[in-house]
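Hi everyone, thanks for making time for this. I'd like to walk you through one protein, starting with the overall layout and then going into the packing.

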Amino acid sequence: MTSELGIVSVIANGVKSLKNPNLASVQPFCYSSFVLYSKGDMYWLRESQLIENFYGLRSDLEKSALASYLCSVAEDFATDEEDISVIEKLLLNALYALSNDLSDRRAVKGAFEMRIASELGFLPDLNACVSCGKEPAGDMLFDVTGGAVICGGCRDDRSIAALLGEQGVDPRDVSEYFIRIDTNVLSALRYVTGCRQERLFSFRLDDSSYRVFSKVCENYIIYHTDRRFRTLDFYKSVCSDRPDNY
Ligand SMILES: [Zn+2]
């Protein structure tokens, strides 16, 4: 992923050799400056300089699996060159936080998922209940499909199941698409969609709120990209020994 050219494939001859001067800058997750030349419709690597190697990601399987998933999400959104600078900044901040243990992994994963979706066309409406327009309170639901909040007074499980049926979603999956949230989770969602990007991972939740926050953000990105990320399946398999594998 490059700022100037979007996502491109580059042929880098001989970089697996220990003597090759470009070896360090082409490792997985590395952020580097490259001089490329094009021949036909291919790019070739001429020289490079390593800027940041995010070494911490390679020393820990769970971190490296999560970093791969974040890169897949970034790649999925990077179809428009205008969006690359937003994606690049988000991804670099996330990899840096993960590599240096600056924030809880669940905060990095969820905040990255929700922020990239919000910045690139799927900003949820968290200000008011989508049904009555009041400040959401009580036993609320986050509507993954519509990106909205339904307050405790307006939630009605039967009409929600019917709505899902109309959208072709199995009503048995209602808890995947309409997720019960409390004010802590709502505040975290408001924070990650509205804060300055440099402060994106600077929040904490307790374990039960992290679980709900993670589920909301993960289901939101999966639903709106309509993708199944193999890197996410791998990340889940790596942390499957935890009851909460977000
Ligand atoms: Zn309401």
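I'll take the overall picture, then the sheet, then the helices, and finish with a few single residues.

First, a reminder that what you're looking at is a predicted model. The protein has nine helices and seven strands. Along the principal axes, its C-alpha atoms fill a box of roughly 65 × 35 × 30 Å. Of the 246 residues, 28% count as buried. If we take contacts between residues at least 6 apart in sequence, 60% of them join residues at least 24 apart.

Let's go to the sheet. There is an open sheet of three strands, in the order E1-E3-E2, and the pairing is mixed. At the edges sit strand E1, residues 10-11, and strand E2, residues 31-39, each pairing on one side only. E2 runs antiparallel to strand E3, residues 42-52, and nine bridges join the two. To give you one example, Tyr31 has Glu52 in E3 as its bridge partner.

As background, most residues other than glycine have a negative phi. Phe29, in the loop between E1 and E2, has a positive phi, near 70°. Phe54 lies in the loop between E3 and helix H1, residues 55-58, and its phi is also positive, about 45°. Are these two buried or exposed? Phe29 counts as buried because it has 21 C-beta neighbours inside 10 Å. Phe54 is buried as well, with 20 other C-beta atoms within 10 Å.

Now the helices. Helix H3, residues 84-99, and helix H4, residues 105-119, have axes that come within 10 Å and cross at roughly 175°. So H3 is roughly antiparallel to H4. On the H3 side, the residues that meet H4 are Val86, Ile87, Leu90, Ala94, Ala97 and Leu98. From H4 they meet Arg105, Val108, Phe112, Arg115, Ile116 and Glu119. By type, the residues of this contact are nine nonpolar, no polar and three charged.

H4 also packs with helix H2, residues 61-77: here the angle is about 5° and the axes are 11 Å apart. H2 and H4 are therefore roughly parallel to each other. From H2, the contact uses Leu66, Leu70, Val73 and Phe77, and from H4 it uses Arg105, Lys109, Phe112, Glu113 and Ile116. That contact divides into six nonpolar residues, no polar ones and three charged ones.

Which residues touch the most other members of the largest nonpolar core? They are Leu70, Ala94 and Val216, in a core of 53 residues. H3 gives the most to this core, with eight residues. Staying with Ala94 and setting aside neighbours within four places in sequence, its contacts are Leu70, Val108 and Phe112.

Let me end with Glu198, which sits in the loop between helix H7, residues 183-194, and helix H8, residues 207-225. Why does Glu198 count as exposed? It does so because there are 9 other C-beta atoms within 10 Å, and the cut-off for exposed is 12 or fewer. In sequence, Glu198 is 109 residues from Lys89, yet their C-alpha atoms are 9.3 Å apart in space.

That's my tour, and I'm happy to go back to any part of it.

Key. Residues are numbered from 1 along each chain as its sequence is written. This is a predicted model: local features need pLDDT of at least 70, side-chain atom pairs count only at pLDDT 80 or more; totals for chains, interfaces and linings use all residues. Helices (H or I, at least four residues) and strands (E, at least two) are DSSP runs, numbered from the N terminus. Two residues are in contact if their C-beta atoms, placed from the backbone, lie within 7 Å. Two strands pair if DSSP finds at least two bridges between them. Axes are lines fitted to C-alpha atoms, for helices over the stretch in contact, and angles run from 0 to 180 degrees between N-to-C directions. Angles under 35 degrees count as roughly parallel, over 145 as roughly antiparallel, 65 to 115 as roughly perpendicular and the rest as oblique. Ala, Val, Leu, Ile, Met, Phe, Trp, Tyr, Cys and Pro count as nonpolar, Asp, Glu, Lys and Arg as charged, and the others, Gly among them, as polar. A nonpolar core is a set of buried Ala, Val, Leu, Ile, Met, Phe, Trp, Tyr and Cys residues joined through C-beta atoms within 7 Å.
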